[in-house]
Amino acid sequence: MTTATASARAVTTGETTAVELAEGAISRARQLDSSSVLITLTAERALRQAEASDRRAGRGVRRGMLDGVPIVWKDLFDIQGTVTTLGSASHLYDEPAAVDSPLVRRAHDSGLVTLGKSTLSEFAFSGLGINPRFGTPANPLDPAVVPGGSSSGSAVAVANGLVPLAVGTDTSGSVRVPAALCGIVGFRASPGRYGPHDFAPLSPTLDSVGLFATTVADIAALDSVLLPAGSPRFRPAPRPRFVVPAGEWSEDLAPPVAAAFTAAVARLRAAGAEIETRVLPSLRTAQHLMDAHGTIVGAEAYRLHGHRLSSTLPIDEATRRRLAANADTPDTITPVYTAMPDLRTAFAADLAGAILLCPTVRHPPPRPAALHADPTHYDTANATLLRTTMLLSYLATCGISLPTPHPHTAVLLSLPPTTDPVLLATAEWTERALGTPHPVP
């Protein structure tokens with residue numbers, strides 16, 4: 001495994017070629033232990049793009065800082081000539097996409113090499129990452145536990161070294177959660193950071209694009225490539241100031257998660273960070289609203305997919321349960337929508353310029369076998385995994401999950417929307433302070 005920036009540099013200097021990188025990724029994708037990571041392998045396209053990258057390198061011309069680097073896309077994005085399945089057997093026989101989605105095209109125009117489309121929870125409507133139809137990608141840290149979702153294939157593709165970069169989407173935690181469980185970096189960008197959303201939606205109010213890599217530097221590089229011209233970019237940050245939210249977000253933790261978070265806070269303090277723990281009223285109010293009235297993602301997922309409950313097209317039984325459980329949510333959710341603008345403003349005021357710091361997930365990942373044996377346990381585990389990240393999505397935060405040295409544990413840094421450059425710079429500082437092992441560039 002190597003980083004994306006190191007791979008791009010090696011292509012530029014002639015130490016390797018983009019074709020060699022693509023051929024290696026294609027070979028790994030065809031191995032049995034990668035069979036559930038990708039729904040579609042675009043090998044011919046990848047080789048064509050890699051050959052073009054090498055021709056540019058031979059002329060000393062590069063389209064961007066990641067020219068020649070392989071990448072995969074969550075199967076919600078259109079890639080020309082492939083079916084966009086949304087991770088569902090009900091879309092297997094749809095017409096192939098006539099053109100790339102704009103974000104895929106922007107990546108192509110910057111020289112990135114599209115290896116394929118990754119597995120996800122059906123319709124992106126689960127934080128567990130399980131997919132009975134296309135297979136559940138094995139968690140590289142422990143194949144006996146779930147990888148997290150919904151962007152499970154994108155996370156695993158990076159964590160197991162198939163590719164150095166992947167794109168997912170994050171509605172309730174679908175990038176931050178699998179990054180935490182698989183031991184890599186996962187970045188939820190502010191909604192709309194890369195332009196109008198061009199992927200199949202789950203909850204248009206909360207959906208956002210997310211990026212996976214093994215280092216913050218790679219995340220920042222991909223972010224820079226995908227940004228529209230003139231957007232604010234990564235910049236150095238001063239010594240950070242963090243606030244840990246008092247209450248369930250830092251206290252309702254399984255012992256291994258609590259120990260890892262306590263150790264992370266101690267490391268950050270030792271590195272010079274200012275950290276305080278205090279109540280954030282906006283978090284408590286927002287969580288109370290969702291507990292009382294339901295979630296926006298539940299309501300909007302039902303509006304999009306509720307008709308499937310009476311359809312003969314196949315959907316997973318767990319998806320069916322979640323849709324049915326939200327059948328009344330569109331009628332109860334109005335207070336959550338009504339309070340949202342004021343709560344987002346209040347959250348920014350509560351932070352008072354600090355960065356929110358908390359564990360990404362509160363409990364270790366469950367085992368699929370135990371989940372399948374008990375539907376109630378399955379649904380509870382899904383809600384528990386997403387409880388922190390779902391709330392922060394409601395508040396429109398950008399967020400980045402950074403692994404700790406302890407497996408399946410991570411710290412989550414969050415800020416109000418449009419502050420992505422500050423978040424990324426702070427994440428780079430935090431990554432160094434935590435001392436989490438990463439591939440050597």
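The chain splits into domain 1 (4-226) and domain 2 (241-400 + 407-416), with bounds that come from an automatic or database domain assignment. This is a predicted model, so to speak of local features a pLDDT of at least 70 is needed, side-chain atom pairs count only at pLDDT 80 or more, and totals for chains, interfaces and linings use all residues. Residues are numbered from 1 along each chain as its sequence is written, and side-chain values use heavy atoms, with hydrogens and water left out.

Taken over C-alpha atoms, the centres of domain 1 and domain 2 sit 24 Å apart. Their contact (heavy atoms within 4.5 Å) takes in 41 residues of domain 1 and 46 residues of domain 2.

Now for the largest pocket, which holds about 580 Å³ of space. On a 1 Å grid over the protein atoms alone, a pocket is an open set of points where a 1.4 Å probe fits, with protein on both sides within 12 Å along at least five of seven lines; lining residues have an atom within 4 Å of a point. Grid points are joined across faces, edges and corners, and the volume is the space filled by probe spheres set on the points. Of the 27 lining residues, T295, N326, N382, A383 and M390 come closest to the centre. Both domain 1 and domain 2 supply lining residues, so the largest pocket lies between them. Helix 16 gives the largest share of this lining, seven residues. Helices here are DSSP runs of H or I with at least four residues, strands are runs of E with at least two, and both are numbered from the N terminus.

In helix 12 (residues 317-325), A318, T319, R322 and L323 are buried, meaning under 20% relative accessible area, with exposed over 50% and partly exposed in between (1.4 Å probe, protein chains only). These four cover an arc of only 135° around the axis, which puts them on the same side of helix 12; the arc is that of the directions from the helix axis to the C-beta atoms. They pack against helix 11 (296-305) and helix 16 (375-394). As for helix 11, seven of its ten residues are buried, so it is largely enclosed by the rest of the structure.

H408 has a positive phi of about 65° despite not being a glycine. H408 sits in the loop between strand 10 (398-403) and strand 11 (410-415), and its 13% relative accessibility makes it buried.
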